[in-house]
Amino acid sequence: MAIEKELLEILACPKCKGDIYLNEKGDGLICDACRLMYPIEDDIPVMLIDEAIRLRPEDFSEISRTAQPEGL
Ligand SMILES: [Zn+2]
């Protein structure tokens with residue numbers, strides 16, 4: 001596993017300082033609040049706002065639905 005869970009807990013969105021989570025493919029970290037995906041290159045998350053990929057509303061809703069934690 002490239003990205004450790006512990007690392008995910010340390011990382012936060014550089015824009016809003018909120019929680020981020022791994023996407024389905026495991027090649028990006030998503031911030032719900034900003035609707036941005038920070039790409040993971042060579043197993044290293046690129047936590048730069050300038051490098052972040054803006055999620056389209058349709059993409060976001062799909063990801064959000066599948067990644068929604070239970071019990072919220
Ligand atoms: Zn954010």
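The structure is a predicted model, in which local features need pLDDT of at least 70 and side-chain atom pairs count only at pLDDT 80 or more, while totals for chains, interfaces and linings use all residues. Residues are numbered from 1 along each chain as its sequence is written. The protein has two helices and five strands, where helices (H or I, at least four residues) and strands (E, at least two) are DSSP runs numbered from the N terminus. Along the sequence these elements follow the pattern α-β-β-β-β-β-α.

**Strand pairing**

- Strands E1 (residues 20–22) and E2 run antiparallel and are joined by three bridges, two strands being counted as paired if DSSP finds at least two bridges between them; within this pair, Ile20 has Cys31 as its bridge partner in E2.
- E2 also pairs with strand E3 (residues 36–41) in the antiparallel sense, over four bridges, and here Leu29 stands opposite Tyr38 in E3.
- E3 pairs with E4 in the antiparallel sense over two bridges, with Ile40 opposite Pro45 in E4.

**Hairpins and positive phi values**

- The hairpin of E1 and E2 has five residues between the strands, and in this hairpin Gly26 takes a positive phi near 80 degrees.
- The hairpin of E2 and E3 has four residues between the strands; Arg35, which lies in the loop between them, has a phi near 55 degrees, a positive value in a residue other than glycine.
- Arg35 is partly exposed because 17 other C-beta atoms lie within 10 Å, given that a residue is buried if 20 or more other C-beta atoms lie within 10 Å of its own, exposed if 12 or fewer, and partly exposed in between, with C-beta atoms placed from the backbone.
- E3 and E4 form a hairpin with two residues between them, and Asp42 in the turn has a positive phi of about 55 degrees.
- Asp43, placed in the loop between E3 and strand E4 (44–45), has a phi near 70 degrees, again a positive value in a residue other than glycine; Asp43 is exposed because 10 other C-beta atoms lie within 10 Å.

**Burial and the nonpolar core**

- Buried residues make up 17% of the 72 residues in the protein.
- The largest nonpolar core has ten residues, namely Cys13, Ile20, Leu29, Ile30, Cys31, Leu36, Met37, Tyr38, Ala52 and Leu55, a nonpolar core being a set of buried Ala, Val, Leu, Ile, Met, Phe, Trp, Tyr and Cys residues joined through C-beta atoms within 7 Å.
- E2 and E3 each supply at least two residues of this core.

**Contacts**

- Leu36, a member of the core, touches Lys15, Cys31, Ala52, Ile53, Arg54 and Leu55, not counting residues up to four places away in sequence; two residues are in contact if their C-beta atoms, placed from the backbone, lie within 7 Å.
- Among contacts between residues at least 6 apart in sequence, 23% join residues at least 24 apart.
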